[in-house]
Amino acid sequence: MRKSLFLLALFLSACTGSQEPPLPALVAAGGGDAVRFYRAADLQSGGSTPVETWSAPTLQDLAYSNAFQRLFLLFPDRLEAYPTAGFTESAAPQAPPTAAPLPTGVDCTGGYLRLGANQALVHCPNARRAFLFPLPDLGSPTEADLTGLPSGVRLALFPQGGVDLLAYLAENALGYRPATDPTGTPSQEVSLPSLTPTELRLDPGGRLLGTGYTTTDTLFLAWNGAQNPSSQSLGLYVGPVRLALDPAQGLVAFGGGFRVLAPRDSGARNTYAAYTAASVGQDGYLYLARGGVLEVYDLQQNPLPSYPQASPSLGFSPQALAFIPVE
């Protein structure tokens, strides 16, 4: 009898699979002049109580580096780096940061942050200036030369031969060049049909991923830096579109609705909703901010999501999210 029960349990396990233990992690949500830290497991079950809150008046953007175990916060006048080695599921102690000021007179309100392998890129579109900070401990910034690039350009770092080149997505062009020498090499540029660029990121496979919109459509671009870029209609509500990605777990476009592009293409979802921030976690979950609500989707169990697993109300509207694995 015991043998029969054992075989039955083994059979059921093989049929249904087994749920791996959840990855211990925090989700950092920046907005409302603060950064709030939530247990990922709490958000997945509908919980909305932060384990820690940091005051962060005038915060513009945030990003987490798993390689350096640092959380980077961008403000109008400076970039700060906080060590996260002491973070746990129940605490996010705010250690003294390394702070690197922007040059005197630069106002980076409306700016954004991109992390590369060796440098951090800070782009201040309203000031039409951009800066490179050495990682992980920051230091004096080097100003990127934006000569010839239009005001609406989106920027990213594009590593080639151990050097971080400056990649750009403009209204009619996608390209890259040395950050401080617009006429230097290596460089490449391809022409595009006219669009309003809204996002440019580097995926771990070495491709540049961009988004933009026209008067009638939203577009996703992928480029390896050599051949012509591929272009895909996203079918989202016409307007700004941004990207969230994890190298192993997925890629998502969001704005007026969202669309999972990997691991499987979900098609356009919830195009009536305006999403302001997103993160694809190493745990395989998608965290999507819609006003004061954070929608949580399990991309491994449900790669073609229609309804969120949980929708906790946070009480503020996040403008940036970061997934932080902890001990």
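**Reading salt bridges and burial in a predicted model**

Tutor: Arg201 has a relative accessible area of 23% and is therefore partly exposed. The structure is a predicted model, in which local features need pLDDT of at least 70 and side-chain atom pairs count only at pLDDT 80 or more, whereas totals for chains, interfaces and linings use all residues. Residues are numbered from 1 along each chain as its sequence is written, and side-chain values use heavy atoms, with hydrogens and water left out.

Student: Where do the limits between buried and exposed lie?

Tutor: Buried means under 20% relative accessible area, exposed means over 50%, and partly exposed is in between, with a 1.4 Å probe and protein chains only. In this protein of 327 residues, 49% are buried.

Student: Which residue meets Arg201 in a salt bridge?

Tutor: In general, side chains of opposite charge can pair when their charged atoms come close. The term salt bridge requires a side-chain nitrogen of Lys or Arg within 4 Å of a carboxyl oxygen of Asp or Glu. Here the partner of Arg201 is Glu199, at 3.3 Å from N to O. Glu199 is buried, because its relative accessible area is 1%.

Student: How many salt bridges does this rule give?

Tutor: The count is 11. One of them joins Asp77 and Arg78, with 2.8 Å between N and O. Asp77 is partly exposed at 43% relative accessibility, and Arg78 is partly exposed at 26%. Salt bridges also link Arg39, Asp42 and Glu89 in a network.

Student: Which parts of the chain does the pair of Glu143 and Arg129 tie together?

Tutor: The closest N and O atoms of this salt bridge are 2.8 Å apart. Glu143 belongs to strand β11 (residues 142-143) and Arg129 to strand β10 (residues 129-134), so the pair ties together parts that are 14 residues apart in sequence. Glu143 is partly exposed at 36% relative accessibility, as is Arg129 at 27%. Strands are DSSP runs of E with at least two residues, helices are runs of H or I with at least four, and both are numbered from the N terminus. The protein has 26 strands and two helices.

Student: What share of the contacts joins residues 24 or more positions apart?

Tutor: A contact means heavy atoms within 4.5 Å. Among contacts with a separation of 6 or more, residues 24 or more positions apart account for 45%.

Student: What are the spans of the protein along its principal axes?

Tutor: The C-alpha trace spans about 80 × 45 × 40 Å.
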